[in-house]
Amino acid sequence: DLVKLIKQTVMKLDITANNKKQRLKFSPNCEELFAYFDFDRIEQVLLNIVTNAIKYTEDSGEISIDIQTQENEALITVKDTGMGIPEEDLLRIFERFYRVDKARSRELGGTGLGLSIAKEIIDAHNGSIEIFSKVNEGTEVKIRIPIEERTV
Ligand code: ATP
Ligand code: MG
């Protein structure tokens, strides 16, 4: 259940966000959404994406998570109002160890592996991950995972 997974992720990161006076918004319009996926791995992906949103967004910013179905896929969107990623870096963001602005990134900590691992995990699920961003406006990550129709 992807809704359950996101709720769990939000709970785990709530304190981290609150420490920066940020609000994690998740108000799904479905109670559950079933797909065939590796729960721990996709949780690892979401933990990284939402941690990035928290880390690269100023205090009091807003982070919203959304889930919807689109044809045979679940579409998870994580949106922040943070510093954004310059266009020239967007092309390389999924490379191992790639980080925008070395000095700034070192200050914030991290290895630059999160997104490359996320992409490998999503690819292994036959899904896709895309990032849209504008400097000083924010970043939007879209994750698509195939779903099976269930007739309980
Ligand atoms: P870690 O391995 O701990 O995840 P990291 O967060 O630096 O380290 P990635 O998650 O792969 O590594 O992200 C790569 C780089 O992309 C980051 O260093 C940051 O410069 C940029 N980035 C990622 N997400 C965002 C975001 N939401 N807003 C702005 N920049 C981002
Ligand atoms: Mg990261």
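Predicted model: local features only at pLDDT ≥ 70, side-chain atom pairs only at ≥ 80, totals over all residues.

Biologist: Okay. Is K25 buried or exposed?

Modeller: K25 counts as exposed, because it has 12 C-beta neighbours inside 10 Å. The cut-off for exposed is 12 or fewer.

Biologist: And which residues does K25 touch, leaving out those up to four places away in sequence?

Modeller: With those left out, K25 touches E62, I63, S64 and I65. There's also D66: K25 and D66 are 41 residues apart in sequence, yet their C-alpha atoms are 8.4 Å apart in space.

Biologist: How is β1 joined to β2?

Modeller: Four bridges join β1 to β2, which covers residues 62-70, and the two strands run parallel. As an example, F26 has I65 in β2 as its bridge partner.

Biologist: What packs on the sheet there?

Modeller: Helix α1, residues 2-19, packs on the sheet and touches β1, β2 and β3 (73-80). The direction of α1 makes about 170° with that of β1.

Biologist: Let's zoom out. In what order do the strands of the sheet come?

Modeller: Five strands form an open sheet, in the order β1-β2-β3-β5-β4, with mixed pairing. β1 (23-26) and β4 (128-134) stand at the edges with a single partner strand each, so one side of each has no neighbour in the sheet. From one strand to the next, the twist averages 15°.

Biologist: How many bridges join β3 to β5?

Modeller: Eight bridges join β3 to β5 (residues 138-146), and these strands run antiparallel. I76 stands opposite I143 in β5.

Biologist: And how many join β4 to β5?

Modeller: Seven, and β4 and β5 run antiparallel too. In that pairing, S133 stands opposite T139 in β5. The hairpin of β4 and β5 has three residues between the strands, and N136 in this hairpin takes a positive phi near 65°.

Biologist: Switching to helices. Which residues of α5 are buried?

Modeller: L115, A118 and I121 are buried in α5. Looking down the axis of α5, you'd find its buried residues within an arc of 120°, so they line one face of the helix.

Biologist: Why would residues a few places apart point the same way?

Modeller: An α-helix has 3.6 residues a turn, so residues three or four places apart point the same way.

Biologist: Nice. What do the buried residues of α5 pack against?

Modeller: They pack against α2 and β4. On the other side of α5, D123 and A124 are exposed.

Biologist: And what follows α5?

Modeller: N126 follows α5, and its phi is positive, near 60°.

Biologist: Last topic, the ligand. Which residues come nearest to ligand 1?

Modeller: There are 21 residues around ligand 1, and Y56, V100, G110, G114 and L115 come nearest. L115 is also one of the buried residues of α5.

Biologist: Which helices supply at least two residues each to the shell around ligand 1?

Modeller: α2 (39-55) and α5 (114-124) do. The largest share, three residues, comes from α2.

Biologist: How do the residues of that shell divide into nonpolar, polar and charged?

Modeller: The shell around ligand 1 has nine nonpolar residues, ten polar and two charged.

Definitions and conventions:
Residues numbered from 1 in each chain as written. Chains lettered and ligands numbered in written order. Near = placed C-beta within 6 Å. Nonpolar A, V, L, I, M, F, W, Y, C, P; charged D, E, K, R; others polar. Pairing = 2+ DSSP bridges. Axes fitted to C-alpha atoms, helices over the stretch in contact; angles between N-to-C directions. Contact = placed C-beta atoms within 7 Å. Buried ≥ 20, exposed ≤ 12 C-beta atoms within 10 Å, placed from the backbone. Arc of directions from axis to C-beta.
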